[in-house]
Every structure is written in C-alpha cells, then in structure tokens.
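Please look at the sequence and the 3D structure before reading on.

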Amino acid sequence: MKSMRKKQLSAADIAARTERVHAISSVVPLEQAPEQALQYYTHLTDVKLRSVLEPQWGIYIAESSKVVRRALDAGHQPLSFLMSEKWADDLADVLRAHPEVPAYVGPEQALEGVTGFHLHRGALAVMARPAPVPLEQLVAEAFRVAILEDIVDHTNVGAIFRSAAALNVDAVLVSPRCADPLYRRSIRVSMGTVFQVPWGRLTSWPDDLELLHSMGYETAALALHHDSLTLEELSSRRYPKLALIMGTEGHGLSARTLAAAKHTVMIPMSHGVDSLNVAAASAVAFWETRPR
C-alpha cells in the first residue's frame, strides 16, 4: 500500500511560500500586530469568559479555513485574520479579496502563545456579529421552526443546527440563557451551518410563544408526559406551521414552557432507554415532521 504522507516542502519551497504570503498587502507579521487587535484572540479556551466578551464586543471567532469561507459566503464581515504562513498561502484568495482586513501571520508556536491552543485547524478570523433580526421578521415566511430552551452545551447546539440545515428547518430560535450558536465550538460542530439557518435569540421567553400562536403556529414541546402525543401522531396531523421546542437533558423544559405550548410530544423508546440526547432527538423530530 502506498504511503499517503503529504509531500515535505523543501527549504526553497518554504522560502517561496514566505515570499508569496508577505507579498499580500494585508499581511502583517505577528510581532508587529497591535496588542489591542490581538485581544480578540486571547483566552480562547476560557468558555465562560469568551461567552460573555464576544457578544459584548459584537464579534465572534470563525475557526478553520472551511468555516472562515462559509462565514464569508454568508455575507459576514471579517475584522481580522490570524494564521500561519501555511494557511495564509491556502487562503490567499480570501486575503486578497479583503485587502482592508489585516491578516496577522506568524509561526505556529507564536500563534499558540496568543490563543492558548495549537491551531491545527488552520486559521482564525474575527468576524462582526450580524445584527439581530426581529422575531416577527425571522419567522414571517417560515413553516418549521426549532426552539432551544436553555441548552448550554455548545456541542449540542452546533449539532442541532447541523441537523436543522440538513433537514430543511426554516429557522432556529434560542432562549435568553441558551448557549451562543456563534461560539466557536458551536460553529465548528455545526460545520458552519449556523451561517445558513436563520436564527435569533428570544428576549421574552416563554411569552414569545404567544406571538408564534398569533401567527398561526402549532407549538409542540418534546417532553415525556403520560398524555404526550407520539412524534408520529404529531407528524400525521400535518400542521402547516410547526414550532418544535427542545430543552436541556438534565431538567428538560420549564413548567411555564410546558404550560404555554399547545402540545407535548414524545419519541417512543425501547430496551429501557428513557430518552435520547437532545441533539439526537432533534434530528429524529426534524426528519419525522418534514414536509411531505
């Protein structure tokens, strides 16, 4: 079997790459980067701190060349880039397309010193956080909506967005205490689909359900109640507008939310399993309630 190892670059290859990268007008050697500009890339492994600071700054971090490209394809505005020479060469077309946006380029060890972790996924970008879209506008032309109540695990949030994109959910709404869909782990797990599915953060939860009801939505809360509809029963009713509400694994949905929703719905379980992970349950629910 032939080896799949990548070709090792010669010293001449590396020198040529360095020359190509630094010929791009927006490239700034990392050692020359202003301290204020690099503050957005520090403490990236501190989830609690970053979850507070990034919305305050009006930014989010796009991680990996694929995610950066998807964010740009969605029309999001970059504010700066951070990467090694290798990835700057790979993203040269992006850097040239945004000559006004500084690209801080340095050795991998120096980059790790700034971010606190090894940048094995290629590149980082500070992106301007899009302006919030009013709830009425977000769901005005939607038919299937997912609502996430207080799901604080970024991995689950990202996985739900990926399923929502794959299974044609029109919009995702998140409660005030739900994890940030634009946190870098959420984005990474979603494979960048958070840029494709319209979403918004609710401000008056669960009172916002009244607005959805006034717009013709049936609301169904995923909960294991004795009188819950099965998912198949809900799907068979073919509601023209449906909002599926999902909560945390530990505590589930709040009593106020369950009281405000028009229906509760369950996924029947076998072999003594009481429930699915919320990300897995969302994929099942999205598929079963797909338009037919």
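The structure is a predicted model, in which local features need pLDDT of at least 70, side-chain atom pairs count only at pLDDT 80 or more, and totals for chains, interfaces and linings use all residues. Residues are numbered from 1 along each chain as its sequence is written, and side-chain values use heavy atoms, with hydrogens and water left out.

**Overall fold**

The protein contains 14 helices and 12 strands. Helices (H or I, at least four residues) and strands (E, at least two) are DSSP runs, numbered from the N terminus. Along its principal axes, the C-alpha trace spans about 70 × 50 × 35 Å. Of the 292 residues, 48% count as buried; buried means under 20% relative accessible area, exposed over 50%, and partly exposed in between (1.4 Å probe, protein chains only). Among contacts (heavy atoms within 4.5 Å) with a separation of 6 or more, 78% are between residues 24 or more positions apart.

**Aromatic pairs**

How many aromatic pairs does a search of the whole structure find? The search finds three. Rings of Phe, Tyr and Trp (its six-membered ring) pair if their centres lie within 6.5 Å; planes under 30 degrees apart count as stacked, over 60 as edge-to-face and the rest as tilted. One of the pairs is Tyr60 with Phe195, which is tilted because the ring centres are 5.7 Å apart and the planes are at 35 degrees. Tyr60 lies in strand S2 (residues 59–63) and Phe195 in the loop between helix H10 (184–189) and strand S8 (199–201), so this pair ties together parts that are 135 residues apart in sequence. Tyr60 is buried, at 0% relative accessible area, and Phe195 is buried at 11%.

Another pair is Phe161 with Trp199: the centres are 6.4 Å apart and the planes are at 90 degrees, so this pair is edge-to-face. Phe161 is in helix H9 (residues 154–166) and Trp199 in strand S8, and the pair links these distant parts of the chain, 38 residues apart. Phe161 is buried, with a relative accessible area of 0%.

**Helix H9**

Helix H9 has 13 residues and reaches 18 Å from its first C-alpha to its last, close to the 18 Å expected at 1.5 Å a residue. The expected span is 1.5 Å times one less than the number of residues. Among the buried residues of H9 are His154, Val157, Ile160 and Phe161. The buried residues of H9 pack against several elements, including helix H3 (47–57), strand S6 (144–148) and helix H14 (278–288). At the start of H9, a side-chain oxygen of Asp153 comes within 2.8 Å of the backbone nitrogen of Thr155. Just after H9, Asn168 has a positive phi of about 60 degrees.

**Backbone details**

Ser64 lies in the loop between S2 and helix H4 (65–73), and Met191 in the loop between H10 and S8. A cis peptide bond, with omega about 0 degrees, joins Trp205 and Pro206. Pro206 is in the loop between S8 and helix H11 (208–214).

Key:
A polar contact is a pair of N or O atoms within 3.5 Å; within protein, one must be able to donate a hydrogen and the other to accept it, and residues adjacent in sequence count only if both atoms are side-chain atoms.
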